[in-house]
Amino acid sequence: MSIPTLDLNNGSGLPAIGFGTYTLKSDAGIASMVSAIDEGYRLLDSAMNYENETEVGAAVRASSVQREELLVTTKLPGRHHGYTETIASLEQSLQNLGLDYVDLYLIHWPLPRVDKYVDSWRAMIELRDRGLVRSIGVSNFTPTQLTRLITETGVTPAVNQVELHPKFPQAQLREFHREHGIVTESWSPLGNRSDITSAPIITAIAEAHGRTPTQVVLRWHTQLAAVPIPKSANPERQRENITIFDFELTESEIAQISSLESGRLWGGDPDTHEEF
Ligand code: NAP
């Protein structure tokens, strides 16, 4: 299975699809992650707040793929915002993972009321310069918050990972990312157990291509140049989800899928949502 690569603004590459690990824990979680790597996933998405960094590190070591070929993402929790706190938090994440660097480190939520995300961003630049983190980015940031980071530090995030699926296609935010060379990652790309894949528009397109509705939704993400990170504990569904680079949706089909827009399903509003 050959997965295309997107260019990040620091010269690194990012696979066009990744693997979400939220809720994957303990030995069963490790087995699901190892299976995902066996199925061809190379980008793993974790966070300190998923409380599974230990399992992600164990899966990296247990898999038959070299560490250098895998890209491990983790995220800074809200309770660790601030310059020194961010440095200490990443050191803790590395300890949890049992790794000496992570490939992508993201600020999990901006928490504008706390107003420390610029301090955290300066620390992430330092962590990158020290080689503990290969690429740095953010999650759940708005254009205003991204602009502030860029203006105050001169460093543009490589990635912004946001809620994105056919019910919330985020056209304006994706356009902002494109203008600034920021890669979009889509969390809950399948709408996490919502009814997206049973929408008649999607089932009709799936039938026309001889694909599953889930494959159509994930292909829609990649043709929007967004990197979906679907989670599945099941090897067959993991394989189904990654087998999407051998067919193309038409512009009209992409537009039809985007017309399912109705708004956020799960995520809070980044201007007000707080989690620590
Ligand atoms: P998701 O990937 O949209 O959906 C996961 C659900 O879909 C699971 O219940 C899974 O069940 C099911 N599923 C997966 N493939 C399927 C298939 N082919 N057919 C039928 N069902 C399928 O939702 P998510 O886990 O919320 O989001 C993905 C990742 O995004 C997370 O794991 C996490 O890494 C990240 N995330 C980030 C943030 C953030 O704030 N940055 C927030 C939320 C999530 P099975 O496991 O049984 O297959």
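## Close-up views of a predicted model

**View 1. Aromatic rings paired up.** The structure holds three aromatic pairs. Rings of Phe, Tyr and Trp (for Trp, the six-membered ring) are called a pair if their centres lie within 6.5 Å; planes under 30 degrees apart are stacked, over 60 edge-to-face, and the rest tilted. Take tyrosine 117 and phenylalanine 141: their ring centres are 5.2 Å apart and their planes sit at 80 degrees, so this pair is edge-to-face. Tyrosine 117 belongs to helix 4 (residues 117-129), while phenylalanine 141 is in the loop between strand 7 (133-139) and helix 5 (143-153), so the pair ties together parts that are 24 residues apart in sequence. Helices (H or I, at least four residues) and strands (E, at least two) are DSSP runs, numbered from the N terminus. Tyrosine 117 is buried, at 5% relative accessible area, and phenylalanine 141 is buried too, at 1%. Here, buried means under 20% relative accessible area, exposed means over 50%, and partly exposed is in between (1.4 Å probe, protein chains only).

A quick note for every view: this is a predicted model, where local features need pLDDT of at least 70 and side-chain atom pairs count only at pLDDT 80 or more, while totals for chains, interfaces and linings use all residues. Residues are numbered from 1 along each chain as its sequence is written, and side-chain values use heavy atoms, with hydrogens and water left out.

**View 2. Arginines over tyrosine rings.** Back to tyrosine 117: arginine 148 lies over the face of this ring, at 5.2 Å from the ring centre. Arginine 134 does likewise with tyrosine 101, at 3.8 Å from the ring centre. A charge sits over a ring if NZ of Lys or CZ of Arg is within 6 Å of the ring centre and within 35 degrees of the ring normal.

View 3. Eight strands make up an open sheet with parallel pairing, in the order 3-4-5-6-7-8-9-10. Strand 3 (19-20) and strand 10 (226-228) are the edge strands, each pairing on one side only. Two strands pair if DSSP finds at least two bridges between them.

**View 4. Strands 5, 6 and 7, side by side.** Strand 5 (residues 71-76) runs parallel to strand 6, and four bridges join them. On the way to strand 7, strand 6 (residues 102-107) has five bridges, again parallel. Look for leucine 104: this residue of strand 6 is the bridge partner of threonine 73, and leucine 104 also has serine 135 in strand 7 as a bridge partner. Six of the six residues of strand 6 are buried, so this strand is largely enclosed by the rest of the structure.

View 5. Strand 7 and strand 8 run parallel and are joined by two bridges. Valine 138 stands opposite asparagine 160 in strand 8. Five of the five residues of strand 8 (residues 159-163) are buried, so the rest of the structure largely encloses it.

View 6. The ligand has 27 residues around it, and the closest are Asp45, Ser188, Ser232, Ala233 and Arg237. A residue is near a molecule or strand if one of its heavy atoms lies within 4 Å of it. Serine 188 has a polar side-chain atom 2.8 Å from a ligand oxygen atom, and tyrosine 50 has one 3.2 Å from a ligand nitrogen atom. Taken alone, the ligand exposes 910 Å², and the protein buries 86% of that. Accessible areas come from the Shrake-Rupley method with a 1.4 Å probe; for residues, only the protein chains shown count as cover.

**View 7. Two loops with a positive phi.** Threonine 23 is not a glycine, yet has a positive phi of about 80 degrees. Its place is in the loop between strand 3 and helix 1 (26-39). Aspartate 115, not a glycine either, has a positive phi of about 60 degrees. This residue lies in the loop between strand 6 and helix 4, and aspartate 115 is partly exposed, at 41% relative accessible area.

Technical notes: A polar contact is a pair of N or O atoms within 3.5 Å; within protein, one must be able to donate a hydrogen and the other to accept it, and residues adjacent in sequence count only if both atoms are side-chain atoms.
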